[in-house]
Amino acid sequence: MTGAGLLLEGGTVFDGLGNPGRVADVAVAGGRVVAVGGDPPAGLRRVGCDGLAVAPGFVDTHAHSDLVHLLDQPQPFKLLQGVTTEVVGNCGLTFAPLDPESAEVAATLWSGLAGGVPVEPATFGGLAGRLERARPANNLALLVGHGTLRLTANGLEEGLRPGAAERMAALAAEAFEAGAVGLSSGLIYVPGSYADTGELVALARVAAAYGGVYATHLRDEGAHLEAALDEAVTIAGTAGTRLQVSHCKAAGRAAHGMGGRLLERLAAARLDGVDAQGDQYPYDAGATVLSALLPPAVAAGGTEAMAARLRDPAARAALRAQAERGGIGDGAWAEAGPADVLLTGHRHPGVAGRTLAEVAGGRDPWDVLCELVAGDPAATIVVRLAREDDVRAIMASPLVGVGSDNGPPTGLEHPRTWGCFPRLLGRYVRELGVLSWEQAVRKATWLGARQFRLDGRGLLVEGAVADLCVFDPATVGHDGTYLDPDVPVSGIEHVVLAGDLVVEHGRFTGRRSGRVLRSGR
Ligand SMILES: [Zn+2]
């Protein structure tokens with residue numbers, strides 16, 4: 001209800017730009033911030049904010065909520081964290097554009113992201129329209145995924161068929177015409193992993209022509225992190241796009257301690273004229289598909305071919321030799337031990353909730369891994385990859401913002417799905433002091449809004465869109481754990497979406513006020 005307008009009284013206002021907070025009343029009318037301090041217009045509904053922080057609504061730059069907002073029930077799991085805009089379509093995995101054939105493959109490979117929503121053929125504009133009509137709980141900005149473009153243009157084959165590159169570029173242009181804010185890639189996932197640098201440059205050029213960003217899950221986040229980052233900088237620099245490095249981390253034992261070098265390279269890219277920054281989730285564990293532990297080549301030819309390969313002892317041994325090498329394109333097996341891998345979703349009951357080491361018992365964990373992937377190619381895991389000192393070093397950088405990398409809000413998902421932003425504020429600001437409040441708010445708001453060109457959002461100044469989050473610095477936090485992830489957050493008091501009070505005293509009001517934010521409109 002934007003009609004009456006709101007007066008948020010007496011809170012400490014953070015502008016999102018990194019300035020220290022100051023006590024001021026914030027007046028909202030017509031969906032916009034109309035005054036910060038000074039004399040507010042009369043007749044506004046008063047909301048007491050004494051002792052609370054008033055910030056721009058959080059921007060989740062790395063979300064995977066692509067389809068969940070199509071469910072009948074509203075999905076306020078991000079809104080309850082103070083997030084007013086999610087950037088979806090990350091890691092190259094989007095649910096459009098899909099034709100009947102690629103939709104079937106996507107439904108098998110990426111069902112873990114779909115959250116129970118049927119995966120159907122759709123143009124990019126068609127899916128954007130459906131999301132808009134469904135009224136998501138929060139705003140959505142959509143990336144178009146390279147993996148999906150390649151799947152639709154070329155199937156799961158490694159080499160590009162004649163005409164496939166042109167087809168991908170045409171489909172990308174269609175997506176940008178329909179309002180995509182950028183191009184994403186996921187270079188550890190088939191078929192995105194098959195692309196060489198030139199293929200990605202060509203598509204990033206399409207993004208550049210529309211002012212879109214290139215957001216990438218690097219080809220390697222472990223021992224070869226630096227080479228993978230160099231490739232990303234080359235792609236963005238050659239194509240002339242901004243660069244967003246997704247879920248920045250130094251993953252796996254061989255990469256521990258490399259967080260600083262990641263930051264040096266981001267800074268060096270900026271000196272070379274590439275507008276490079278990143279995002280991060282504040283946890284030492286990530287979540288992905290179980291098959292990410294295997295060399296991506298295992299999936300060549302589709303899920304049936306993969307299952308056959310995983311059941312063939314000779315093929316299994318060859319894959320193991322490759323995985324143990326741990327090079328670029330060899331999968332994540334070498335990065336984590338079986339005890340670090342918690343299974344969170346599998347078709348067979350009794351698997352989820354146990355580590356790979358526990359499921360294996362006395363058996364060889366590699367063999368058990370192959371059987372589990374053959375039994376459910378979409379099986380999901382939470383995997384401990386990063387070291388806490390790297391997490392904090394990366395967090396301290398002003399070039400790295402916040403992205404939850406969430407899954408659907410059901411079942412045993414990584415706790416970041418429900419608690420990423422409150423955890424950042426409670427644990428890393430209040431308890432550990434890694435960031436000041438104003439630094440954390442800047443990272444959670446304006447930094448991402450700027451890189452994804454969410455005009456008018458991510459900052460709290462007169463004239464900005466009134467997407468706001470009011471939180472209690474004394475209590476904000478999230479106690480979710482890997483085995484008990486979906487506990488409620490604390491300290492997120494009120495959330496305002498374009499002037500509409502959608503979370504009041506920590507409770508979702510039931511109103512679906514979100515929109516699809518299209519670039520150029
Ligand atoms: Zn990713």
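Here are some questions and answers about the predicted model above.

Residues are numbered from 1 along each chain as its sequence is written. Because the model is predicted, local features need pLDDT of at least 70 and side-chain atom pairs count only at pLDDT 80 or more, while totals for chains, interfaces and linings use all residues, and side-chain values use heavy atoms, without hydrogens or water.

Me: Which residues coordinate the zinc ion?
Reply: Let's look for donors, meaning N, O and S atoms within 2.8 Å of the metal (3.2 Å for Na, K and Ca); water is not among the atoms, so sites may look incomplete. The distances here are 2.1 to 2.2 Å. The donor residues are Cys91 (SG), His217 (ND1) and His247 (NE2).

Me: Is His247 buried or exposed?
Reply: Buried means under 20% relative accessible area, exposed over 50%, and partly exposed in between (1.4 Å probe, protein chains only). His247 has a relative accessible area of 2%, so His247 is buried.

Me: What is the bridge partner of Ala53 in E19?
Reply: Strands (E, at least two residues) and helices (H or I, at least four) are DSSP runs, numbered from the N terminus. Two strands pair if DSSP finds at least two bridges between them, and E7 (residues 53-56) and E19 (residues 468-471) have four, in the antiparallel sense. In E19, the partner of Ala53 is Phe471.
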